[in-house]
Amino acid sequence: MSEKHNPEIRTDIPASARIWNYWMGGTDNFEIDRVIGDQSAQIYPDIRTMAVQSRQFLIRAVSWAAREAGIRQFLDIGTGLPTMQNTHQVAQSIAPESKVVYVDHDPLVLTHARAMLTNTTSEGVTTYIDADFRKPEIIIADAQNILNFEVPISVMFMGVLGHIESHDEMHRIVRTVMAAVPAGSYLTLWDTSDENKEFVHLCDEYAKTGALPYNPRPTEQIKAAFDGLEMVEPGFVEITEWRPDKPDTEAGPSVYAYGAVARKP
């Protein structure tokens, strides 16, 4: 495993993982996170809907991978704070022997990971890596100590790559990880587009708080992360439209978040 660090948990600077937790209805956040979260919601009221729908997309995508694709290894990069129905809980409820590796380097996330990200079954493996998702080579080296890189792996980037300013660097990160996993592996990824002016304004104001900026980008740049991979139906769509549990219900508001699941040939 790589050398670990124990940075101080800052309660005077907002953190994206804690704000996201607040928007999802969680309690693992501080006053500064709630203040910024409320200010952001005033700019773009549907941000809470986006947060909730992103977790629903994760649940559906992990369930599909475990049940339909037979995946038994998951690498969840930039996992954020544990909340409801985390990756290991979903995967191991379907396939008890599933191995799940979480990756994050937020100190509060790691504190909660030690306490909460534990096996739900005796057969499975649940662990975490203290690493920055901007350093995929370190992630791969650590994950190889836990996962079998000769057997397909589901790689997950769930709404985190907007924190990368350059889309070229974003694509490099994804390509580096996907190059390391074998054929038959899957990429599950979503991020937020720059289509909605209110959301873009939210991100501009968020960047002024001292937190790590989030950069919404054109949908084509998000979709390009899947280049060379085989899209699973329904392809690259808004996350609420990816195999919804109740497809016949009336669509809710657009959340301007797009993603897909795709197979490495």
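Student: Where is Arg243 placed in the chain?

Tutor: Arg243 is placed in the loop between S7 and strand S8 (257-263), where helices (H or I, at least four residues) and strands (E, at least two) are DSSP runs numbered from the N terminus. This is a predicted model, in which local features need pLDDT of at least 70 and side-chain atom pairs count only at pLDDT 80 or more, while totals for chains, interfaces and linings use all residues. Residues are numbered from 1 along each chain as its sequence is written, and side-chain values use heavy atoms, with hydrogens and water left out.

Student: Why is Arg243 called partly exposed?

Tutor: Buried means under 20% relative accessible area, exposed means over 50%, and partly exposed is in between, with a 1.4 Å probe and protein chains only. Arg243 has 35% relative accessibility, so the residue counts as partly exposed. Its backbone deserves a look too, as phi of Arg243 is near 45°, a positive value in a residue other than glycine.

Student: What is the phi of Tyr256, and what makes Tyr256 partly exposed?

Tutor: Tyr256 is also in the loop between S7 and S8, and phi of Tyr256 is near 55°, a positive value in a residue other than glycine. The relative accessible area of Tyr256 is 22%, and therefore Tyr256 is partly exposed.

Student: What kind of peptide bond leads from Glu233 to Pro234?

Tutor: The bond is cis, with omega near 10°, and Pro234 itself is found in the loop between strand S6 (230-231) and strand S7 (237-238).

Student: How do you know whether Leu147 is buried or exposed?

Tutor: Leu147 has 4% relative accessibility, so the residue counts as buried. Leu147 is found in the loop between helix H6 (136-143) and strand S4 (154-158). Apart from residues up to four places away in sequence, Leu147 touches Gln73, Phe74, Leu75, Lys99, Val101 and Ile153, where contact means heavy atoms within 4.5 Å.

Student: Which residues are in contact with Phe74, leaving aside its neighbours within four places in sequence?

Tutor: Among them are Val62, Ala65, Ala66, Thr87, Ala91, Val100, Val101, Leu147 and Met156.

Student: Which residues touch the most other members of the largest nonpolar core?

Tutor: A nonpolar core is a set of buried Ala, Val, Leu, Ile, Met, Phe, Trp, Tyr and Cys residues joined through side-chain atoms within 4.5 Å. The largest such core has 41 residues, and Ile47, Phe74 and Trp242 touch the most other members. Helix H3 (residues 47-67) gives the largest share of this core, 11 residues. A second, separate core has 35 residues, including Ile140, Phe149, Phe157 and Val181.

Student: What makes H1 roughly perpendicular to H3?

Tutor: The axes, which are lines fitted to C-alpha atoms, for helices over the stretch in contact, are compared by an angle that runs from 0 to 180 degrees between N-to-C directions. The axes of helix H1 (residues 16-23) and H3 come within 8 Å and cross at roughly 95°. Angles under 35 degrees count as roughly parallel, over 145 as roughly antiparallel, 65 to 115 as roughly perpendicular and the rest as oblique, and therefore H1 is roughly perpendicular to H3. Trp20, Tyr22 and Trp23 in H1 meet Ile47, Arg48, Met50, Ala51 and Ser54 in H3.

Student: Why is H2 called roughly antiparallel to H8?

Tutor: Helix H2 (residues 31-43) and helix H8 (residues 197-207) have axes that come within 8 Å and cross at roughly 150°, so H2 is roughly antiparallel to H8. Their crossing is right-handed, a word used if the near helix is turned clockwise from the far one by less than a right angle, with left-handed used if anticlockwise. Ile36, Ser40 and Ile43 of H2 make the contact with Glu198, His201, Leu202, Glu205 and Tyr206 of H8.

Student: How many nonpolar, polar and charged residues has the contact of H2 with H8?

Tutor: Ala, Val, Leu, Ile, Met, Phe, Trp, Tyr, Cys and Pro count as nonpolar, Asp, Glu, Lys and Arg as charged, and the others, Gly among them, as polar. On that basis the contact of H2 with H8 has 4 nonpolar, 2 polar and 2 charged residues.
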